[in-house]
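Let's take a friendly walk through a protein fold, one piece at a time. Keep the picture beside you as you read, and look for each part as it comes up.

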Amino acid sequence: MLDINKLVTDFPEVGQLIAEKPLFWHNPNYQESAELPIDLADIFDAEARFQRFAKYFEVAFPETLPTKGILESPLIPIPEMQTSINEKLSSPLAGKLFLKADNLLPISGSIKSRGGIYEVLKFAEKIAVKAGMLVYEDNYAILASPEFKKLFSKYGIAVGSTGNLGLSIGIVAQKLGFQTTVHMSADAAQWKKDLLREKGAIVVEYNDNFSNAITAGREQAAKDPNVYFIDDEGSVDLFLGYSVAALRLQAQLKAASIQVNEDHPLFVYLPAGVGGSPGGVAFGLKQVFGEHVHPIFAEPTHIPSVTLGMMTGMNNQISVYDVGIDGITKADGLAVGRPSRIAGKFMRTLLLGTATFQDDRMMAELARLYETEKIKVEPSATSGFAILPRCQTELAKQYSLTDSTHIVWATGGAMVPADDFSRYLSEGQSLLEK
Ligand SMILES: *Cc1c(COP(=O)(O)O)cnc(C)c1O
């Protein structure tokens, strides 16, 4: 049995988490040296696989033609947003603020287009090569032809998801020819389920939380040897798919003449659910930029799973429900009570810290981003803005922020139906005025 009193005695900040009060948590192990089982070479391996598949994407998903089959999102300066945020702050945000607009990533309009799709591609490539139908030097456009669809139709892909992971995997896996089953938690937005069904995927709904939905999905998939389960709670391939973002961001920063060094630190704010997508990106950034990039995770006060796991060192051995936190949030992409098996472990020395925020702040920032920059994102995607003022205060104690760069990672949104967005917007607008 978990002794909550002892936990709070050992880690007083856990008390603050249980009280569901916003906090900033400094990771005491940040920047220590550590041995990880993956490194830069693995990121390049993932990047090379995305490159091999670029010709396939051009054919199968013509919306990727402008980027030559590469799935990437823009880095957008957001000065109006920064000005608006500063109007309310006693000490204004120092440095320059950017949005990494993964809400515009092709195919699923979310960060899951990186990791989720990557793992599907890796599985498809393995099957095709093994069947003797594909060699690595082929033009992968052939994968869009009927004989490959026939090959892939003998296999299934299954995944547990709060929404966007299922969406990105479902769309690509169905297109390749796999039979896809998506196990969805009660939090998943209705339009995500509808869209997946429209694409031909099987959607299994659970009137339960994410951790239980994923467990049920894993067990069901294990019964069929031809079904490949993509495991959001521990897949290293997913993690590596996300990490490729760092190589792309390096090029975008260079193009924008932004340096990353001791005098020009880079702070990156990433929303965390299981910790896989922000973990993969943070890992990639640390490999590419080293000590002067500082990743920070953002989590709702009502479901701070990665924060609780890392704070206590228990990682996936503890869930927010174990300590009586209710797990209720409007951030459907973050509604995950237990962190992944690898996120906390890999982030132990790579993550500067985490900060938690109230849903109301997130909704207000959604409205602010739309009003100032006309950018539409889903609620989870504005988490970085919700923690920004608190982080600024904390970071200023330790870093020179004068010439700093701040990137808020906007993790999803392009596919949100207009009606849903209007609802989010009017809710956010009423909160913003307060
Ligand atoms: C999945 C998701 C996240 C968090 O990713 P994890 O890998 O679960 O930590 C953040 N924002 C959005 C929009 C997402 O869909």
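## Two strands side by side

Strand E8 (residues 266-271) and strand E9 (residues 293-300) run parallel to each other, paired over six bridges. To find one of these pairings, look for Leu270, whose bridge partner in E9 is Phe297. Please keep in mind that this is a predicted model. In general, the strands of a sheet pair through backbone hydrogen bonds, in either a parallel or an antiparallel way.

## The seven-stranded sheet

Now step back to the whole sheet. Seven strands make up an open sheet in the order E1-E10-E9-E8-E11-E3-E2, and their pairing is mixed. Strand E1 (24-26) and strand E2 (75-77) stand at the edges; each has a single partner strand, so one side of each has no neighbour in the sheet. From one strand to the next, the twist averages 25 degrees. Helix H11 (residues 245-255) packs on this sheet and touches E2, E3, E8 and strand E11 (405-410). The direction of H11 makes about 135 degrees with that of E11.

With E2, strand E3 pairs in the antiparallel sense over three bridges, and Leu75 has Lys100 in E3 as its bridge partner. With E11, strand E3 runs parallel, joined by six bridges; here Leu99 stands opposite Val408 in E11. Is E3 largely enclosed or left open? Five of its six residues are buried, so E3 is largely enclosed by the rest of the structure.

## The four-stranded sheet

There is another open sheet to explore. Its four strands follow the order E6-E5-E4-E7, with parallel pairing. At its edges stand strand E6 (202-205) and strand E7 (227-230), each with a single partner strand, so one side of each is left without a neighbour in the sheet. The twist here averages 20 degrees from one strand to the next.

Strand E4 (residues 156-161) pairs with E7 in the parallel sense over four bridges. Val159 has Ile230 in E7 as its bridge partner. Helix H5 (residues 112-130) packs on the sheet, where it touches E4 and E7. The direction of H5 makes about 150 degrees with that of E7.

Two residues here deserve a visit. Ser110 lies in the loop between strand E3 (96-101) and H5. Is Ser110 buried or exposed? With a relative accessible area of 0%, Ser110 is buried. Leaving aside its neighbours within four places in sequence, Ser110 is in contact with Asp102, Leu105, Asn164, Thr411 and Gly412.

Lys112 lies in helix H5. An unreviewed UniProt entry annotates Lys112 as "modified residue: N6-(pyridoxal phosphate)lysine". Lys112 has a relative accessibility of 13%, and because buried means under 20%, it counts as buried. Apart from its neighbours within four places in sequence, Lys112 is in contact with Ile117, Asn164, Leu165, Ser168 and Tyr242.

## Two domains

Which parts of the chain belong to which domain? The chain is divided into domain 1 (4-38 + 66-107 + 243-432) and domain 2 (111-238). The C-alpha centres of the two domains lie 26 Å apart. Across the boundary, 31 residues of domain 1 are in contact with 24 residues of domain 2.

The unreviewed UniProt entry also lists residues 88-397 as "domain: Tryptophan synthase beta chain-like PALP". Over residues 88-397, the chain is 44% helix and 15% strand, and the end C-alpha atoms are 20 Å apart.

## The nonpolar cores

The largest nonpolar core has 135 residues, of which Phe57, Phe152, Phe178, Met347, Phe385 and Leu395 touch the most other members. Which element gives this core its largest share? H5 does, with eight residues. The core draws at least three residues from each of domain 1 and domain 2.

Leaving aside its neighbours within four places in sequence, Phe152 is in contact with Ala124, Ile127, Ala128, Leu143, Leu176, Gly177 and Phe178. A second, separate core has seven residues, including Phe210, Ile214, Val274 and Val336.

Definitions and conventions
Residues are numbered from 1 along each chain as its sequence is written. This is a predicted model: local features need pLDDT of at least 70, side-chain atom pairs count only at pLDDT 80 or more; totals for chains, interfaces and linings use all residues. Side-chain values use heavy atoms; hydrogens and water are left out. Two strands pair if DSSP finds at least two bridges between them. Axes are lines fitted to C-alpha atoms, for helices over the stretch in contact, and angles run from 0 to 180 degrees between N-to-C directions. Contact means heavy atoms within 4.5 Å. A nonpolar core is a set of buried Ala, Val, Leu, Ile, Met, Phe, Trp, Tyr and Cys residues joined through side-chain atoms within 4.5 Å. Buried means under 20% relative accessible area, exposed over 50%, partly exposed in between (1.4 Å probe, protein chains only). Domain bounds come from an automatic or database domain assignment. UniProt positions are given in the numbering used here, feature names are shortened, and annotations may be inferred rather than shown by experiment.
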